[in-house]
Amino acid sequence: MPAKTTPNDSPHRLVGKNYQTPDLVAKVTGRAKYAEDYRVDGMLFARLLLSPMAHARIRSIDASEALAMPGVKGILTADDLPAPADAITDQGVVIPANKLGDRGLTNEPMYQGEPILAVCAVDELTCAEAIEKIKIDYERLPHVVDPLVSLRPGGPNARVQGNVWMRPAAPPAEPGKPPLPPPPAQVAELKWTEEDFAAAKDGQMPMGKPAEEWSFGDWEAGLKSADLVLDETFVSPNTSHQPLETRTTMAYWQNGKVYVHTGTQSTAQTVPAIARWLGLLDEKKQPDLTKVVVISEYTGGGFGSKITGAISAVIPCLLSKKVGAPVMMRISREEEHFIGRARPSVHGRTRVGFTKDGRITAIDMYTICDNGSYDAQGDGMTAGRMASLMYQPPAMRMRGVSVITNTSPRVSQSQPGGFQGIVVMEPILSKAARKLGIDPVQIHKINSPEGKAEIGPPVRGKRPYITSSFIREALDRGQELFRWDARKAQVKRSGTKVRGIGVATSCFVGGSIGFDGLFVIKPDGKMYVQSGIGNLGTESVHDCNRVAAEMLGMPWDKVEIAWGSSTKNLPWACPSGGSQTTHAMTRAAYITATDAIQKLQQIAAKDLGGKPDDYVVANERVSRKGGGAGMSLAQAAKRAIELGGIYDGHELPKGINKMTATSATALAGQGLLAVARDTMPRDGLTHSFVAGFAEVEVDLETGKYFIKDYLAVADVGTVLHPHALGGQVLGRSVLGIGHALGQKWVYDQHYGIPLAKRFHHNRPPTILDVPSNMQWDAVNIPDPETPIGARGIGEPPVGAGCMAILNALSDALGDDVFRRAPVMADSILASLEAGHPMEEGLTAHI
Amino acid sequence: MGVIETATNPWGQSVPIHIEFYLMWAAAIGGLAFLMVHAIYVQFLAAKETHTYSMTDQAAAARGIPAKIKRHSGVARIFHWVMSLAMFALLITAFLPKMGYPFAWVEYHWIAGLVLTASIIFHIFHASFWMDFWSIWPDKIDIEDGKRRWLRATGKSAPEPRKFAKYPMENKMYHLIIVLAGLSVTLTGVFMMKRVRTPFFTRNPYLFSDWTWGMMYVLHGLAGVGLIGLIMAHVYFALRPEKFDITKSMIGGSITREHYLEHHDPERWPVEANK
Amino acid sequence: MAEKNNMEEAPKGISRRSAIKGVIAAGAVSSSGAYLFRTSTVRAQQSAAGSVERLVTLNVNGQQRRVDVMKQETLNTTLRYKLGLTGSKLGCDRSECGACTVLIDDVPHYSCSILTHTTRGKNIVSIEGLEANGKLHPVQQGVVDEQGFQCAFCMPGFVMATVGFLKVNPSPTRAELAHGVSGNLCRCQDYDKILTALMKGAENLRKVS
Amino acid sequence: MAIIRDIMPAFELFQPATVGDALGLLDQHGSDAWVLAGGLDSFDWLKDRIKRPKVVIDLSQIAELRGVKEVNGGLEIGAMTTLTEVVRNPIVKEKFSILATGAELAASPQIRNQGTIGGNVSQDARCWYYRGGWKCYRAGGNICFADTPTAVNREHAILHADRCVAVNPSDSAPALIALEAQMVIRNAKGERVVNAEDYFVGPAIDITHMTVLKPGDLLTAIRIPATWAGAQFYFEKVRDRQVWDFPLMNVASAMVVNGGNIEKIRVVINAAAATPLRLTAVEDAVRGQPRNTATGEMAGKLAIVGAEPLRYNGYKLPLMRNLVKRAISGVEEPKWA
């Protein structure tokens, strides 16, 4: 392997360079405060009572003995929760409340481990002893933890209302008017027939009536005309997000406001989320942002599970109100397993047609998504959407069903749906390459998207397309760096060991648009940036602002970033999830810096004469082009205060978010205030790509395999911060590799109870499960549809990581050794012994 | 101290799992106490039995009643001893480990249990078709005589009880209780074999609900400890001198004519005359 | 915060049976902050004769800290809730993740899984105790140099495990150091960058020592 | 009673300074007492509030239980010696390296820094039903949840299961048995010494215990005789994660080879049954045989005779067969040119 590439040859002053982030020393000295590190006078503690049953209805709760204990301060049950409120966006669109959603506590537990009530007391031991004294009368209801069991004729339903999420078709559009959005998904009952099940042979996934379906092109003809058609079933695992920091929350009330110390992937967006959960709505039925303060300077990981905080945060909030004291609710690791969210498993069966030279002619994909107990999960259908982008089939049919089970709630996890799409497709690509005698890198290149490639089904008659893709460049770079051809030629077997190499490509959304930026240049000459991004250590909370500093010629040591608390006057920002942030927030920074530059030019023109266009901003000055008169940014800031109006924030532009406006108003008069919303055009949907390369070595006598080398090459546009990017590229790769090596859930089907609740059961990879020297690179070609050219990276490495490993494994062992992920020593050994896949392909949670 | 030990099942419900094991000692001590009381009673308090005979030996001989009267067929005796061996094996394998003498008991226990079950099934068939099925069940006369004996034992006046048919009242009562205990223990035991590894079935502890299984274990346990007392009593009576003739008949198959005439009513237990 | 007190270091290895059989009244020490896991008002924990005393002196980060410790209290609870040292994180509370790692007599331990009473008379060092004279420890500096770690919830544990490991093996290879810190879990899975940073830390440490 | 986890119940804590004091306390408190060594196994039980001893006797302050002494060419290892201390001990490394290898593969560095050799051999089963607080046979109930038609039992036993199908998870135990170690057990009445292989007890005999220790007993030391010093050793542990994972299976062998023939041998496998298994039939079969692949293969096949897989642990048969083979004839390392 070559030395690690660090794309540090950036033509920019700040963008593309490594630097020390402002949060680093606090982290490394232990001074960084996470939610459980806060202490407030008179703080009480809360613990949860969890459902012992997978599905039940609570007839009665008798907490009298518990409440009579000294030190017990109060109890919170589902009856104390506000009714779910409809949400109204600032555009006035009503998002109806999900009446079947997770509310934090419940009277109809939908999974074992679901919180039923919380007890508040002077310490945790008292809470625990009080909880043990509470008597609950449960009426047990039927339960099911395996989606296929629920789809069987007469199979149990996980919910009283049914077993699948159905999306009713959108009502037909009236002529001349834009089409109406489809109504929200509803729970219905769906059972397949015995014939549907009987039709599936030899471990194939049965396929009955789907809940959702789309297609484009003539997929039937595509399959018919193919030289090779593969029909493969593959199953991806359920995996907990398992952030190292659990969703511990401490809350207290002061002057009618609730202060919430919690972990979140978005400081800004958690404010309205908590307001809505707590029923704190203003007169327009919108979340009352003035009633909630979110403090989250540091969040110990989220991966999608803390996207706008966690619903469980309402418990200490409401308890605190009830007992009139601050309440810390520490979430234990086991509780985190129950309520901490997980990626849904997807059973996928896919038929793919190939021409002789490896080009895909059509894809016919069917996915069953293990939806878990609550909100509708889109992973199953997104899998098809991402497959349609990654492998560019000329025609495709996608069908899917998301089956509700009495298991812990699911939510998006890094590369939601995209991951499963890659997992379902990659074994087929690698098998086709073997069958057709095509190099695996080549078959990926042949089917890779290029430029403004199309994605998904047609919308209003036309298929959408992406902004750009340079995955072929990434494959070329990887092929070279990994010495693919040399490795391909090497001896495969020696002693009891076999080695194999694998490549996989992966993609996901790489950015959103439409968020706000806000900063002030103060008379001290410094730039004070407000950042509403959550701090998960991907450093986007700081990195994105480098764009604005670069544009203003501001030295980085004169940039102060305010983040981590909604008291700090933060603008509306995207959550750090779905790889949106780098793209969305560099754009916001760009447009806000543009706003600042325009204001600086106007101030200079006012004071020094000429037109604003005559001035440029550079080196902490705004000065006339070609030299001559100018003023420092410090002076300009002073002038901005004198001028007032738009210059110091007393007058704000229209169209910015309400939260941004409130924050800007609070900051008005302190200097030159720049504020703007990203309304810049974008032609296409932003997506990012990664190519992963792996070599594995398998011990045929034990079934154990080890990753010898791993390389990820990212196509993420302009590189913003190499250290942070490297952390994300390899970090998310290892998250994916974990799905190959051993991460999964295990349930006892009879009782519907999870067995694997601990790290050593769920097996997130350790430092010894991956090579001690991994490699990454980025093609570093700017995306043409965004000013900085930077796209997000969080998601695509995941699928590439998982499937490069498994493709390498099948290169070593041949086809038909495994048909579900993770692949562990037991299934390899048993299959090698038997000569065919031994692991049960379809049973959930084994 | 209750009778049933409960446990919390995985759903958090309290379900019975088996009897409280002190009952094993209670049964043993209770059994022993009964024997001692009985022995003392018989030795010191009970009115000395007067030997009365239905007829004289000579008269009986004259009527062709043989000197040895067949009480148990060979098959019945084999059955009894097989059953008793199985029963001892079961009791030992069940309770010795609980008394602090651990050994690998499970396999012996279910094998003995199967032997017992098989012998009981055989016995039911055999008794139904080849024996006088009703001779072992208490009838109206037994109940009346029982009352009479009780009244006389307590010093009240009552007519003299009649002599027995083939089986004395105690025998019949004992058999009845053994039937109840034996059926309980074997029926539950057969189902319980689904919970351990045997060559016959795949283990399936989910055949019944946790509660049903628990009650089955309780019944098995209650019958099991009951059998401790019952077997103690049985052995005791078998060894008592006044019953020894009967014990011998379980070995040799016959009782003496004298015993027959003393204890049985030839009307109620007609014996085939010598031809 | 607990009072500093240099007077009463508990003697190591004393037979508790022969030690003073005193029952410390509950609530006698209320100086140890308000966030107590059952140490004061609710229900006095009765002490049997000869059992450990609740009032102990701990040597933490070079200071003698007098603190009232429950019998079942783990070191992590004492550090975080009684001594205000929240740098040691509680990630699993089951000796699986390593976020709570501290040094006890220079040896890395999971502070979630050792009773505070067991650590009497030993030198406890947490992440807060690494800086000296306002300067970062060389291993900490390595993390800063290489922008190691993402969310950093695991960071204090990794750093402590590294500092402990380097005392035994000051010049590890990358693979050896990986073994040395393998008792620590990072869920951002940023292992590669972490290892680079910690190797830099080892290098920094070799330079100063 | 509603269930709550992750907060230790209150208990009385004793920290005796001598073995005598500890035995006195054990005698006094009987089955109310819980012996705390390194605590890594204990705290799970306590934090889960499944086990609620009234009294915990922490052995950490007893100096005499700690350390490695050389005795007659062999070793006496105090039960409270940490795994790290065992691993780093020069004599262990030099003469009994198999023990260092096994102990080093246990858990994680921090656990080895605190976990003791006595604790490692005495640890409880890790069956997730049992450890989940399910009232199974091992917990005093009347059911094995891990051997039902729907149970997930990938990690469970293939040999000598009797109702309970849990396995012994120790990594140091097979090494100790291979070294013919002896366990020194003391209680208020005196001392007894049992062979390492007899220290463990299967469910057929005692379904609720892993070892022969009774209330009041204390494992004080482990003696390793000089017998196998410097012999040829093989230890391998197969696990899912390369740190902090229990064995799917592990194997230990000690061998003396003379003129290419196996002269003396002990082979032990663990995580195949509720106790570490010394494979005496295998030892008998290979003694006197040439040490080669054929002997290894024969031994492997012999080792798994009578094994009964459950629904999800069938892989343990080839795994055990191959590990036993390797323990006898070694592993063929790849020669990548």
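The contact (heavy atoms within 4.5 Å) involves 57 residues of chain C and 69 residues of chain A. The model is predicted: local features need pLDDT of at least 70, side-chain atom pairs count only at pLDDT 80 or more, and totals for chains, interfaces and linings use all residues. Residues are numbered from 1 along each chain as its sequence is written, chains are lettered from A and ligands numbered from 1 in the order written, and side-chain values use heavy atoms, without hydrogens and water.

**Interface of chain C and chain A**

- About 5,200 Å² is buried between the two chains, and carbon and sulfur atoms give 57% of this area; buried area is the accessible area (1.4 Å probe) that two parts lose on being put together, summed over both.
- The rule finds 5 salt bridges across this interface, a salt bridge being a side-chain nitrogen of Lys or Arg within 4 Å of a carboxyl oxygen of Asp or Glu.
- Glu131(C) and Arg31(A) form a salt bridge through their side chains, at 3.0 Å from N to O.
- On the side of chain C that touches chain A, 29 residues are nonpolar (Ala, Val, Leu, Ile, Met, Phe, Trp, Tyr, Cys and Pro), 16 are charged (Asp, Glu, Lys and Arg) and 12 are polar (the others, Gly among them).

**Chain D**

- The C-alpha atoms of chain D fill a box of roughly 60 × 55 × 40 Å along the principal axes.
- Of the 337 residues in chain D, 66% are buried, that is, under 20% relative accessible area (1.4 Å probe, protein chains only).

Definitions and conventions
Buried < 20%, exposed > 50% of the residue type's maximum accessible area, 1.4 Å probe, protein only.
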